[in-house]
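Here is a short briefing to read alongside the coordinates.

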Amino acid sequence: MGTRSQSYRNFLVKAFVFVISVGVPVASFWAVNEYRGVHYGGWKVLDKYNSPNFALDVGFFLPFWYTMFSLFGIASFVLWYTNGLLHNLAAFVIATIKLLLVLVWFPLLFYWEDIMATFIGMCVVWVANGVTMIFYAGMFHPSGMLLIPEQIWVSYLCVWMYFLWNDTSNSDLPT
């Protein structure tokens, strides 16, 4: 009975890691591409806005998100594997909330095209990622450290969205 339960838990761990590290970025970028006409050289939604000088080419976003979600998946797997789900339930609940918040900014930017709401959403994601990182590091230090690159990436996105919003709020473009 214990072996069957253990194999079931191992399956759940692998499914959780797969969904985080592969499924979420693939589904997000597929949805954006399918419904809002993203092309590799730039996002059509953002073509009407003046990006700041430090803005990266949109071609970098997909590899960065893959990397960040992969690191998050690995951190979750390591934390789950070392301590088990029940011991780290609070960390996994916070991580799930963080994932849901990450998914919110896609429709804010690409469906409603609301730069200010996207900026606020990215700031909320930054806070949620920081809380997740603290919880993960408190349970198993290396797991928390794997989330540092994502915090840096989300920091960049917050600054980028702020400058984009600041530029649009000072122009005649709708925000």
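The points below are grouped by topic.

This is a predicted model, in which local features need pLDDT of at least 70 and side-chain atom pairs count only at pLDDT 80 or more, while totals for chains, interfaces and linings use all residues. Residues are numbered from 1 along each chain as its sequence is written, and side-chain values use heavy atoms, with hydrogens and water left out.

- Helices (H or I, at least four residues) and strands (E, at least two) are DSSP runs, numbered from the N terminus.
- Helix H6 covers residues 148-169, and its end C-alpha atoms are 31 Å apart, which agrees with the 32 Å that its 22 residues should span; the expected span is 1.5 Å times one less than the number of residues.
- Buried residues (under 20% relative accessible area; exposed is over 50%, partly exposed in between; 1.4 Å probe, protein chains only) in H6 include Trp 153, Tyr 156, Leu 157 and Trp 160.
- The cover over the buried residues of H6 includes helix H2 (61-83), helix H3 (89-110) and helix H4 (115-139).
- H4, with 25 residues, reaches 36 Å from first to last C-alpha, close to the expected 36 Å.
- Among the buried residues of H4 are Phe 119, Met 122, Val 125 and Tyr 136, and their cover includes H2, H3, helix H5 (141-145) and H6.
- At the start of H4, a side-chain oxygen of Asp 114 comes to within 3.3 Å of the backbone nitrogen of Met 116.

**Aromatic rings**

- The whole structure holds eight aromatic pairs, where rings of Phe, Tyr and Trp (its six-membered ring) pair if their centres lie within 6.5 Å, and planes under 30 degrees apart count as stacked, over 60 as edge-to-face and the rest as tilted.
- Phe 54 and Phe 163 form an edge-to-face pair, because their ring centres are 5.4 Å apart and their planes are at 80 degrees.
- That pair links distant parts of the chain, 109 residues apart: Phe 54 is in the loop between strand S2 (42-43) and H2, and Phe 163 is in helix H6.
- Phe 54 is partly exposed at 35% relative accessible area, and Phe 163 is partly exposed at 39%.
- Phe 119 and Trp 165 are stacked, with ring centres 5.9 Å apart and planes at 5 degrees.
- This pair joins helix H4, which holds Phe 119, to helix H6, which holds Trp 165, across 46 residues.
- Phe 119 counts as buried at 18% relative accessibility, whereas Trp 165 is partly exposed at 22%.
- Ring pairs link a cluster that includes Phe 54, Phe 119, Trp 153, Phe 163 and Trp 165.

**Nonpolar core**

- The largest nonpolar core has 35 residues, and Trp 65, Trp 105, Tyr 136 and Leu 157 have the most contacts inside it; a core is a set of buried Ala, Val, Leu, Ile, Met, Phe, Trp, Tyr and Cys residues joined through side-chain atoms within 4.5 Å.
- H2, H3, H4 and H6 each give two or more residues to this core, with H3 giving the most, nine residues.
- Leaving aside neighbours within four places in sequence, Leu 157 is in contact (heavy atoms within 4.5 Å) with Phe 61, Trp 65 and Met 122.

**A buried serine**

- Ser 143 is found in helix H5 and is buried, with a relative accessible area of 0%.
- A polar atom of the Ser 143 side chain lies 3.1 Å from the backbone oxygen of Ala 75.
- Beyond its neighbours within four places in sequence, Ser 143 is in contact with Ala 75, Val 78, Leu 79 and Tyr 136.

Methods: A polar contact is a pair of N or O atoms within 3.5 Å; within protein, one must be able to donate a hydrogen and the other to accept it, and residues adjacent in sequence count only if both atoms are side-chain atoms.
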